[in-house]
Amino acid sequence: MPSAPTSGYDRRLFLTSLLGVAAATAGLSGCAGSSAAASRSSADLSAPLAGKVPAGTSLKIASYQNVQQLQFRLAGLPKPPFTVANWLNVGAGPDVINAFRARSLDLANNAGIPPIQAHYQGFDAKIVAINLTRRPNYLFATRPGSDIRTVAGFKGRKLAFSQGQAQGVVLLRALKEAGLTYDQVELVPLTSNQFLTALQSGQVDAAPLGNSQAPEYLKQYGPKGAHTIPTDVVDLLNLLWAPVSVLADRAKAAAVAAYIPQWAQGLVWQWEHPDAWNREFYVKTQNLSLAQAEAITRLANKPLFPPRWDEAIKWEQETADLLADGGFVKRFKVDTLFDRRFESIAARAVAAQYRR
């Protein structure tokens with residue numbers, strides 16, 4: 001696969017072609033951007049949230065690897081006051097955006113970068129819940145036989161880069177902290193599900209992997225010289241977001257508001273019951289050993305739900321500016337990505353120790 005161009009102008013050309021492919025995949029027409037603009041002007045999100053979910057309301061909710069259903073079942077949470085029409089096994093930001101566009105998905109859980117990417121693509125969606133991530137969820141893994149030992153050693157190397165996913169912004173932040181410019185490295189455009197294959201084949205020298213991916217990769221390729229490079233770079237935001245068309249529907253918006261407390265409580269339950277989660281999720285569904293599961297859980301983040309979103313908005317603005325500096329998106333004010341009608345719902349649903 002060709003590597004990413006290094007100039008800002010060429011990056012924009014690459015992005016334009018990439019978005020064209022995504023649009024074709026999602027079955028979009030050439031007027032998608034104008035339709036999104038129209039939805040921005042016509043959708044009214046000023047109405048207060050309904051206090052009760054109307055009968056017959058349904059939502060299609062993302063649940064990557066069936067995590068949400070498992071959390072809710074193990075935590076013994078009650079059924080939500082609406083119908084879940086479908087749990088979609090979708091997690092990557094580009095896939096979520098395409099599902100939003102196809103109207104096959106109403107609500108998703110992602111990091112901070114997919115809403116920025118959606119905005120740049122002309123699709124209007126809003127953030128409705130925030131969980132702050134204080135510890136790194138990703139570390140960098142090298143190809144087998146690599147001599148790279150620090151992020152500074154990325155200079156002149158090929159790096160896996162997914163522009164529309166959390167892994168992408170983690171890489172950009174790590175490069176910035178190491179004092180490296182984009183022109184000093186070679187960014188290879190891939191989606192995160194291609195990172196492992198790219199590392200194994202030597203297509204890239206390093207890639208950001210989730211904490212849960214690293215143990216299995218090292219088990220297989222550590223004896224061949226692969227290793228990891230931990231950093232202190234975090235991706236602060238773990239969030240719920242939804243298309244404006246969903247949030248402008250009074251019944252669906254009420255259902256989203258009813259779902260947020262369960263989402264928050266499910267995360268708290270997982271944090272408070274690591275042994276059960278290790279067995280039921282990592283061992284039974286991910287085929288990891290108990291020792292591997294425990295190693296992942298030790299790196300887990302305590303869920304933190306801020307009653308106010310000021311820190312989250314500041315972080316999202318820094319992320320958008322970082323992408324704009326590289327010519328990946330145009331500059332804009334990210335406060336338009338947040339629907340503050342939902343701001344305190346998650347925090348009110350959990351104990352005080354989980355409110356920050």
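pLDDT is the predictor's own confidence in each residue, on a scale from 0 to 100. The chain here averages a pLDDT of 87, with 88% of the residues scoring at least 70. Residues 1-42 sit below 50, and that stretch has 52 contacts (heavy atoms within 4.5 Å) beyond near neighbours in sequence.

**Ground rules**
- This is a predicted model, in which local features need pLDDT of at least 70 and side-chain atom pairs count only at pLDDT 80 or more, while totals for chains, interfaces and linings use all residues.
- Residues are numbered from 1 along each chain as its sequence is written, and side-chain values use heavy atoms, leaving out hydrogens and water.

- Strands (E, at least two residues) and helices (H or I, at least four) are DSSP runs numbered from the N terminus.
- The open sheet runs 3-10-4 with antiparallel pairing, where pairing takes at least two DSSP bridges between two strands.
- At the edges are strand 3 (108-111) and strand 4 (125-132), each pairing on one side only.
- Strand 4 and strand 10 (237-243) share seven antiparallel bridges, and Asn131 stands opposite Asn238 of strand 10.

**Around Pro303**
- Pro303 sits in the loop between helix 12 (290-297) and helix 13 (310-325).
- With a relative accessible area of 3%, Pro303 is buried (under 20%, using a 1.4 Å probe and protein chains only).
- Its C-alpha is 6.1 Å from that of Asn131, 172 residues away along the chain.
- Leaving aside residues up to four places away in sequence, Pro303 touches Asn131, Leu267, Val268, Trp271 and Tyr354.

Terms used: Buried < 20%, exposed > 50% of the residue type's maximum accessible area, 1.4 Å probe, protein only.
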